[in-house]
Amino acid sequence: MKRHQTLFIVVILIISCKADKPNDYTWNKLTVTATAFNSLAYQTNSNPQITAFGDSLKPGLKYIAVSRDLLKLGLEHNTPVAIEGLNGLYIVKDKMHWRWKKRIDIYMGLDVKAAKKWGRKKVSIAYGIKNEPILKLEDED
């Protein structure tokens, strides 16, 4: 197994253990194209600090935007995401234009050089789908 694949699996295991309860999330793996963006008007719109979900962007936050086809797979607003090659968990806070498919856009604050250095690459991600709580109904006697 390649070193980066082993590291990715270890990160997923650590993330799974950090949840409130071990079974709070079901983790799904997916390969996507990853690009990067900044909160600058020429890259987004006239209000670059506000996402399509209405959240505020601030440099230093670990946020991503997802293509709209990924919303249907469970990468919805506030979904935690581990990205191969990056430390920590990123949170889905924005959605991309409808023309993009199977794609994420990593928020890199105002650091345009870092975004350009990242470029565009295929990466593996793991995203957590919150498990529904099991309701226990008492027997009616």
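**Figure 1. Overview of the whole chain.** Accessible areas come from the Shrake-Rupley method with a 1.4 Å probe, and for residues only the protein chains shown count as cover. By this method the chain has an accessible surface of about 9,500 Å², and carbon and sulfur atoms account for 54% of that surface. This is a predicted model, in which local features need pLDDT of at least 70 and side-chain atom pairs count only at pLDDT 80 or more, whereas totals for chains, interfaces and linings use all residues. Residues are numbered from 1 along each chain as its sequence is written, and side-chain values use heavy atoms, with hydrogens and water left out. The chain contains three helices and six strands, where helices (H or I, at least four residues) and strands (E, at least two) are DSSP runs numbered from the N terminus. Their order along the sequence is α-β-β-α-β-β-β-α-β. Of the 141 residues in the chain, 38% are buried, a word that stands for under 20% relative accessible area, while exposed stands for over 50% and partly exposed for values in between (1.4 Å probe, protein chains only). Taking contacts (heavy atoms within 4.5 Å) between residues at least 6 apart in sequence, 76% join residues at least 24 apart.

Figure 2. Strands of a sheet pair through backbone hydrogen bonds, either parallel or antiparallel. Here six strands form a closed barrel in the order 1-5-2-4-3-6, with mixed pairing, and two strands are said to pair if DSSP finds at least two bridges between them. From one strand to the next, the twist averages 45 degrees, with axes taken as lines fitted to C-alpha atoms (for helices, over the stretch in contact) and angles running from 0 to 180 degrees between N-to-C directions.

**Figure 3. Antiparallel partners of strand 6.** Strand 6, which covers residues 121-130, is joined to strand 1 by ten bridges, and the two run antiparallel. Within this pairing, Leu-30 stands opposite Ile-125 of strand 6. Strand 3 (residues 80-83) also pairs with strand 6 in the antiparallel sense, through three bridges, and here Val-81 has Tyr-127 as its bridge partner.

**Figure 4. Strand 2 between strand 5 and strand 4.** Strand 2 and strand 5 (residues 103-107) run antiparallel and share three bridges, with Ile-64 partnered by Ile-106. Strand 2 and strand 4 (residues 89-95), in turn, pair in the parallel sense over four bridges, and Val-66 faces Lys-95 in strand 4.

**Figure 5. Thr-51 and its surroundings.** The loop between strand 1 (25-37) and strand 2 (63-66) holds Thr-51, which counts as buried because its relative accessibility is 6%. The side chain of Thr-51 comes to 2.7 Å from the backbone oxygen of Lys-93. Leaving aside residues up to four places away in sequence, Thr-51 touches Leu-57, Lys-93 and Asp-94.

**Figure 6. The salt bridge of Asp-55 and Lys-93.** A salt bridge is a side-chain nitrogen of Lys or Arg within 4 Å of a carboxyl oxygen of Asp or Glu, and a search of the whole structure finds one. It is formed by the side chains of Asp-55 and Lys-93, at 3.7 Å from N to O. Asp-55 belongs to the loop between strand 1 and strand 2, and Lys-93 to strand 4, so the pair ties together parts that are 38 residues apart in sequence. Both Asp-55 and Lys-93 are buried.

**Figure 7. Phe-37 and Trp-118.** Phe-37 is part of strand 1, and with a relative accessibility of 6% this residue counts as buried. Although Phe-37 and Trp-118 are 81 residues apart along the chain, 9.8 Å separates their C-alpha atoms.

Figure 8. Asn-78, in the loop between helix 2 (68-71) and strand 3, has a positive phi near 70 degrees although the residue is not glycine. Its relative accessibility is 39%, so Asn-78 counts as partly exposed. Lys-102, in the loop between strand 4 and strand 5, is likewise a residue other than glycine with a positive phi, here near 50 degrees. Lys-102 counts as partly exposed because its relative accessibility is 42%.

Key:
Polar contact = N/O pair within 3.5 Å; in protein donor to acceptor, adjacent residues only side chain to side chain.
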